[in-house]
Amino acid sequence: MKTKRAPGGLDYWMSRVGALHVQPNFYCAKAFLAATGAECFMTEDEMWTFVLEPVDGERICLFPPLPTERNRGNGLVELFDTIWSDFIGYPVAGCYQREFLDYQYIYNQRELVRMKGPQYATFRKNSRKWPARTQLKLEWAPLSELPIEEAQYLCGEWIERHSEDLQDHETMLNYIFNTYCGNVEGLVDNYGILRAIVGWDGNHQFINFRYCITQPDEPFLEEYVRLLFYQKSYVLANGLYRFVNDGGVVDSEGLERFKDRLNPVYKLKTYSLKKQ
Amino acid sequence: MGGKSRKSGGGVSKQLINQLKYGNYQVNDAPVANDKRKKKGEPREDKKSTGGFGLLDE
């Protein structure tokens, strides 16, 4: 198959996702894709467009190919043997078999911030523990205005602590320090100490809570930071019906239990597609 | 949080962790706010973040 780079690159891809009303998954955001090094291509006849990421010396197709605006017939294609992540409800050719990839947790930030009712009892209690114990308040600051050594040290400590089960840390570091496409902010305490780094982005449907890096050995700091982000996301949504996509569990049963207890509006499944 | 790996194998090297912790990790220059970036130990102004609203409208 002959392909060429799509004019407009990832912006073009995101515009097709929006124009076709595809429900974007957690990975479908320009900031994340830019951090992976993925690029947008199209078939030489300009009928189909897709995103390819260079991995292990090959290019893998990240999502089902989408018809370009020239393609009036739509239809289904079998351009690739494997597609890393499907779109929920988006039709694909019958030759593909689905293989579970990860969940996607969708939260209503308004409910999560209010924390009303017994279903939020655990989060309500845990998210208040760190500020109550330390008597510290955290404030948001753009990472680009904080000392880079402190940000890198925090990332190094966090990665070291999670090194056994961490996946795709290269993309995370690119996102935070290299591609400057997402929103990355630090949370700094009263004494100017950087306690956490949060990365988020969006697409036409969701605010994506992408990364949450907190100081190790600070019990319940992560819960507090999560609450602060959800408070912020309520402002970011700006009154629009725009829930938060909190991503998946990356094969972690503990993370799945934690996210289940936060009462998601939807717990969706994402699949990889493989030709039979 | 984050995403699943697309690579075979993987794992985090001790060298990368040390680079991050001891200031040898190479980064691209930030396109904005480099002049605003504080040095280590430099006092911070009491300033609210902008929230980066524009970047959500992809």
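**Notebook: strands, domains, core and chain contact**

I began at a strand pair and found that A:Cys40 has A:Val51 as its bridge partner in β3(A). The model I am reading is a predicted one. I then looked up the pairing around that bridge: β2(A) and β3(A) are antiparallel and share four bridges. On β2(A) I also checked the pairing with β1, residues 3-5 of chain A, and found three bridges, again antiparallel. One residue pair I noted there is A:Arg5 with A:Phe41, the latter being the partner in β2(A).

**Positive phi**

Next I went through backbone angles. I kept in mind that most residues other than glycine have a negative phi. Which residue takes a positive phi in the hairpin of β2(A) and β3(A)? I found A:Glu46, with phi near 60°, in a hairpin that has four residues between the strands. I located A:Glu46 in the loop that runs between β2 (39-43) and β3 (48-55) of chain A. I also asked why A:Glu46 counts as partly exposed. The reason is its count of 14 C-beta neighbours inside 10 Å, since a residue is buried at 20 or more and exposed at 12 or fewer.

I noted A:Asp168 as well, which is not a glycine and has a positive phi of about 60°. I placed A:Asp168 in the loop between α6 (148-162) and α7 (169-178) of chain A. A:Asp168 counts as partly exposed because I find 19 C-beta neighbours inside 10 Å.

**Domains of chain A**

I took the domain assignment for chain A, which gives domain 1 as 3-102 and domain 2 as 103-269. I recorded 27 Å between the centres of the two domains, taken over C-alpha atoms. For the contact between them I have 18 residues from domain 1 of chain A and 23 residues from domain 2 of chain A. Looking at the domain 1 side, I found that α1 (9-19), α2 (30-36) and β7 (96-107) of chain A each supply at least two residues. Which element gives the most to that side? I have α2(A), with six residues. By residue class, I list the domain 1 side as twelve nonpolar, four polar and two charged.

I then turned to buried residues. As background, nonpolar side chains in soluble globular proteins tend to be buried together. The largest nonpolar core has 78 residues, and I noted A:Cys155, A:Ile176, A:Ile197, A:Val198 and A:Val225 as those touching the most other members. Helix α8 of chain A, residues 221-237, contributes the most to this core, with eight residues. I checked the core against the domain bounds: domain 1 (3-102) and domain 2 (103-269) of chain A each supply at least three residues.

In chain A I found contacts of A:Cys155 with A:Leu173, A:Ile176, A:Ile197 and A:Ile213. A:Cys155 is also in contact with B:Leu20, and that took me to the other chain.

**Contact with chain B**

How many residues of chain A are in contact with chain B? I have 55 residues of chain A in contact with 33 residues of chain B. On the chain A side I found the largest share, ten residues, in α6(A). I sorted that side by class and wrote down 27 nonpolar, 14 polar and 14 charged residues.

Conventions
Residues numbered from 1 in each chain as written. Chains lettered and ligands numbered in written order. Predicted model: local features only at pLDDT ≥ 70, side-chain atom pairs only at ≥ 80, totals over all residues. Domains from an automatic or database assignment. Contact = placed C-beta atoms within 7 Å. Nonpolar A, V, L, I, M, F, W, Y, C, P; charged D, E, K, R; others polar. Pairing = 2+ DSSP bridges. Core = buried A, V, L, I, M, F, W, Y, C linked by C-beta atoms within 7 Å. Lists of a residue's contacts leave out its neighbours within four places in sequence.
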